[in-house]
Amino acid sequence: MFKKILAGFLLLSLLFSGYLVLQAQQSADPAMAEFGLQETAAFSMTKTLKACPNKPNCVSTQATEKQHQADPIPYTGSKEEAKTRLLSILDDTKRTTRRTVETDYIHYTFKTWPIPFTDDVEFLFDDANKVIHFRSASRVGHSDLGANRKRMNKIVSAFSAK
């Protein structure tokens with residue numbers, strides 16, 4: 001009897017693990033992700049980060065919903081100096097991949113641990129106000145147990161300390 005229960009438990013564990021691996025593989029597909037810049041109004045030259053979905057697994061400095069809101073990262077000096085400092089922090093962070101670096105926009109992916117889900121982290125430089133806006137969001141699932149907010153708090157702290 002015990003062996004049958006143990007075998008059933010192991011089978012369920014393997015099935016669940018397979019499901020998680022499948023979800024992780026799907027989360028690595030950028031076509032499934034909702035990230036990137038959007039124009040704020042028709043014929044506008046102003047770009048913003050996309051809005052967070054109606055799920056608790058996203059944090060953004062441009063969010064209007066309280067659950068997603070965060071403060072942008074202030075900087076002094078030139079935008080290029082701030083960008084160099086931020087890229088250094090991101091490149092030194094484990095499980096990250098640099099995806100896009102443009103004049104005012106940076107996109108990285110982060111792999112969560114221990115299950116390798118992909119999160120998209122974006123930065124938008126507002127040189128007129130000397131701040132860096134960001135958005136960090138999970139590609140799959142509903143809750144991230146605060147992982148995106150914790151990640152961004154660490155990045156903001158590291159940027160402020162450099």
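**Core and disulfide**

Trainee: Which residues have the most contacts inside the largest nonpolar core?

Mentor: In this predicted model, the largest nonpolar core has 20 residues, and those with the most contacts inside it are Leu 86, Leu 90, Ile 106, Phe 123, Ile 132 and Phe 159. Such a core joins buried (under 20% relative accessible area, 1.4 Å probe, protein chains only) Ala, Val, Leu, Ile, Met, Phe, Trp, Tyr and Cys residues through side-chain atoms within 4.5 Å.

Trainee: And which helix gives the most to this core?

Mentor: Helix H2 (79–91) does, with five residues. H2, E6, E7, strand E8 (131–138) and H3 each supply at least two residues of this core, where helices (H or I, at least four residues) and strands (E, at least two) are DSSP runs numbered from the N terminus.

Trainee: What does Phe 123 touch?

Mentor: Leaving out residues up to four places away in sequence, Phe 123 touches Ile 73, Leu 86, Leu 90, Asp 104, Tyr 105, Ile 106, Ile 132, His 133, Phe 134, Met 152 and Ile 155, with contact meaning heavy atoms within 4.5 Å.

Trainee: Switching topic, which cysteines form a disulfide?

Mentor: Cys 52 and Cys 58 do, with their sulfur atoms 2.1 Å apart; the rule asks for a pair of cysteine sulfur atoms within 2.5 Å, and by it the count comes to one disulfide.

Trainee: Why is the disulfide left-handed?

Mentor: Because the torsion about the S-S bond of Cys 52 and Cys 58 is about -65 degrees.

Trainee: Is Cys 58 buried or exposed?

Mentor: Cys 58 is buried, at 4% relative accessibility, and Cys 52 is buried too, with a relative accessible area of 11%.

How values were computed: Residues are numbered from 1 along each chain as its sequence is written. This is a predicted model: local features need pLDDT of at least 70, side-chain atom pairs count only at pLDDT 80 or more; totals for chains, interfaces and linings use all residues. Side-chain values use heavy atoms; hydrogens and water are left out. Buried means under 20% relative accessible area, exposed over 50%, partly exposed in between (1.4 Å probe, protein chains only).
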